[in-house]
Amino acid sequence: MSSTELPSVPPTSVLPKAASVRVAEGERLRSVRLPGVTMTVRSRPPTRAGLQPALCVHGLGGSSQNWSALMAQLDGVVESEAVDLPGFGDSPPPDDGNYSITAHARAVIRHLDASGRGPVHLFGNSLGGAVSTRVAAVRPDLVRTLTLVSPALPELRVQRTAVPTGLLGMPGVAALFTRFTREWTAEQRVRGVMALCYGDPGQVTPEAFGYAVEELERRLRLPYFWDAMTRSARGLVNAYTLGGQHGLWRQAERVLAPTLLVYGGRDQLVGFRMAQRAARAFRDSRLLTLPNAGHVAMMEYPETVATAFRELLEDTAERGGRGSRTEPEAEPDTGARPDTDIGSTPGTGTGVRPDTDTDIGSRPDAGPESGSGTGSSSGAFSERAGGSAGSGS
């Protein structure tokens, strides 16, 4: 095996069964088999009939558990679900080993098409924000509103604290990091992650910290843990390099759904300065800034994010909403470079098929393809910023 190749992962059918994931009170887990992927879906039973559906997509290294606090806050507002992306949480890796942004978006689209729940209120955090942006751009018929918490959209000047995450996708870095941190305990690893992701890690309760340690210990025993992390990081970096109609900023401009953008003033992974650019890019956007929040505002301030979402629903309802399905816009053939794993060369044997946005998922006429929160805003600032879409790359 060459130094640029990632270790092979055994087929899903022979992967060992890891310990059960935590299910909070009022939640349910189910496994959904789709073409090429199997995804675990976390849900909360609706408190009343007639609620519109919502779907939440986590970030790099996260899982559906990242949305538990917000989903509880939205009981009686929407019928909430959160997915474990392939290779994360309790979901096994994808059959083809493809962890690109397009592949993750395709998995979300296939789930929505197969379940018939769309259009949904779509939520995304970090990597999940990039995935959700792509879903909303290429399949507007599936998205009622879009809520993005610290979305991982391309930045020209990346924060120094975010560089190690990007480097994780480079060949050999994951193996080097694994050797360097071999003696680290799960508690040390979790403290490091929380210091990076939370605006104030001290607000995490001992109970939530213990749950996070248990989950990390479970995932570190999975043979594909580092493979999923590395390939997803690589897929995100690769998406940053795409231009033309396939670029994430250009796709943000194409989103039709009313959009709520949430940015934390202490975010060490997504630059706070990107908030205004995002507000200009999404044509019908509202911006919520939380000065004391970090990268996971839906976990740090679930009540505040839930309030902002309810206001989005009220505003959308007043303007007539987007209740009817719309025919998706055809994807143009721009000749942009396919969204493949960067760093690979012909003959490396990765087995990943070149992947473009024109093959992201089925169209409506094709049929189905079978923590802890503080609860206060701490100086939140909200503004309406819509109409102009002039920041494309």
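Helix H12 covers residues 302-318 in this predicted model. Helices (H or I, at least four residues) and strands (E, at least two) are DSSP runs, numbered from the N terminus. The expected span of a helix is 1.5 Å times one less than its number of residues. For the 17 residues of H12 this gives 24 Å, and the end C-alpha atoms are 24 Å apart, so the two values agree. Several residues of H12 are buried, including Val-305, Phe-309, Leu-312 and Leu-313. Buried means under 20% relative accessible area, exposed means over 50%, and partly exposed lies in between (1.4 Å probe, protein chains only). Just after H12, Gly-320 takes a positive phi of about 100 degrees.

Residues are numbered from 1 along each chain as its sequence is written. Because the model is predicted, local features need pLDDT of at least 70 and side-chain atom pairs count only at pLDDT 80 or more, while totals for chains, interfaces and linings use all residues; side-chain values use heavy atoms, with hydrogens and water left out.

Strand S3 (residues 53-57) is mostly covered, with five of its five residues buried. In a regular strand the side chains alternate between the two faces of the sheet. Pro-53, Leu-55 and Val-57 point one way from S3. Ala-54 and Cys-56 point the other way. Cys-56 is buried, at a relative accessible area of 2%.

S3 has strand partners. Two strands pair if DSSP finds at least two bridges between them. S3 and strand S4 (residues 79-83) are joined in the parallel sense by five bridges. Within this pair, Pro-53 stands opposite Glu-79. From S3 the chain crosses through helix H1 (residues 68-73) to S4, and this β-α-β crossover is right-handed. That term applies if, with the strands pointing away from the viewer, the path from the first strand over the helix to the second runs clockwise. S3 also runs parallel to strand S5 (residues 120-125), with four bridges. Here the bridge partner of Val-57 is Gly-124.

Pro-119 sits in the loop between helix H2 (101-115) and S5. A cis peptide bond joins Gly-118 to Pro-119, with omega of about 0 degrees. Ser-126 lies in the loop between S5 and H3. Ser-126 is not a glycine, yet has a positive phi of about 55 degrees. Its relative accessibility is 12%, so Ser-126 counts as buried. Ser-150 is in the loop between strand S6 (143-149) and helix H4 (163-167). Ser-150, also not a glycine, has a positive phi of about 45 degrees. Ser-150 counts as buried, at 1% relative accessibility.

A nonpolar core is a set of buried Ala, Val, Leu, Ile, Met, Phe, Trp, Tyr and Cys residues joined through side-chain atoms within 4.5 Å. The largest such core has 91 residues. Trp-67 and Phe-282 have the most contacts inside it. Helix H3 (residues 127-138) gives the largest share of this core, seven residues.

Arg-189 is part of helix H6 (residues 186-197). Arg-189 counts as buried because its relative accessibility is 16%. Arg-189 and Glu-217 are 28 residues apart in sequence, and their C-alpha atoms are 9.9 Å apart. Cys-197 is buried, with a relative accessible area of 15%. A search of the whole structure finds zero disulfides, a disulfide being a pair of cysteine sulfur atoms within 2.5 Å.
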